[in-house]
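Subject: Structure handover

Hello,

Here is the structure I promised you. Please open it, then read the notes below.

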Amino acid sequence: ATFPRPAALLSSRMSRRLPRVVFDTPVEKARPLGLSFYAPLAGVCFTVGACLELFMIKTGFYEKVVVIEAERRAEAPPAWAAALQHAKDKSSSGNSSSSSTPPRK
């Protein structure tokens, strides 16, 4: 599939039908918002967050998450524990073959 070039898009009939936009109007700079805006916004955000936490506590969300996480961890050991066990097995099998050197203490 070939896509039209931008020049082809500009010369199409559709672009002739669109009105020209003139950017001669001056753009007013945005004024910085002060404490009178951010203080109520912070209060509203804090209230919404507290309501969400209260809802999750009352519905038993965290208890369900603990049960699901416990089941997930019981199924298989984490990757770091498996790697540690593999390294331990590898080092113990290597020490039994080399009986000439005593193990370090």
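**What I found**

C45 is partly exposed, at 47% relative accessibility.

Some ground rules. This is a predicted model, with residues numbered from 1 along each chain as its sequence is written. Local features need pLDDT of at least 70 and side-chain atom pairs 80 or more, while totals for chains, interfaces and linings use all residues, and side-chain values use heavy atoms, without hydrogens and water.

**Overall picture**

The protein chain has five helices and zero strands. Helices (H or I, at least four residues) and strands (E, at least two) are DSSP runs, numbered from the N terminus. Buried residues make up 1% of the 105 residues. The mean pLDDT is 79, and 65% of residues reach 70 or more. pLDDT is the predictor's confidence in each residue, from 0 to 100. Helix α1 (residues 6–10) has the lowest mean among the elements, 54. Helix α3 has the highest, 97.

**Helix α3**

α3 has 24 residues. From first C-alpha to last, α3 reaches 34 Å, close to the 34 Å expected. That expected span is 1.5 Å times one less than the number of residues. Y38 sits in α3 (residues 35–58) and is partly exposed at 45%. Together, L33, F37, Y38 and L41 make a nonpolar surface patch of about 390 Å². Patch residues have over 30% relative accessible area and no salt bridge; like charges are joined within 9 Å, and nonpolar side chains (Val, Leu, Ile, Met, Phe, Trp, Tyr) within 5 Å. Areas come from the Shrake-Rupley method with a 1.4 Å probe; for residues, only the protein chains shown count as cover. Just after α3, G60 takes a positive phi of about 80°.

The structure holds two salt bridges. A salt bridge is a side-chain nitrogen of Lys or Arg within 4 Å of a carboxyl oxygen of Asp or Glu. R72 pairs with E69, with the closest N and O atoms 2.5 Å apart. Both lie in helix α4 (residues 61–75), three residues apart. R73 also forms a salt bridge with E69, at 3.1 Å. These bridges join E69, R72 and R73 into one network. R73 is exposed, at 59%, whereas E69 is partly exposed, at 28%.

Best wishes

Note on methods:
Buried < 20%, exposed > 50% of the residue type's maximum accessible area, 1.4 Å probe, protein only.
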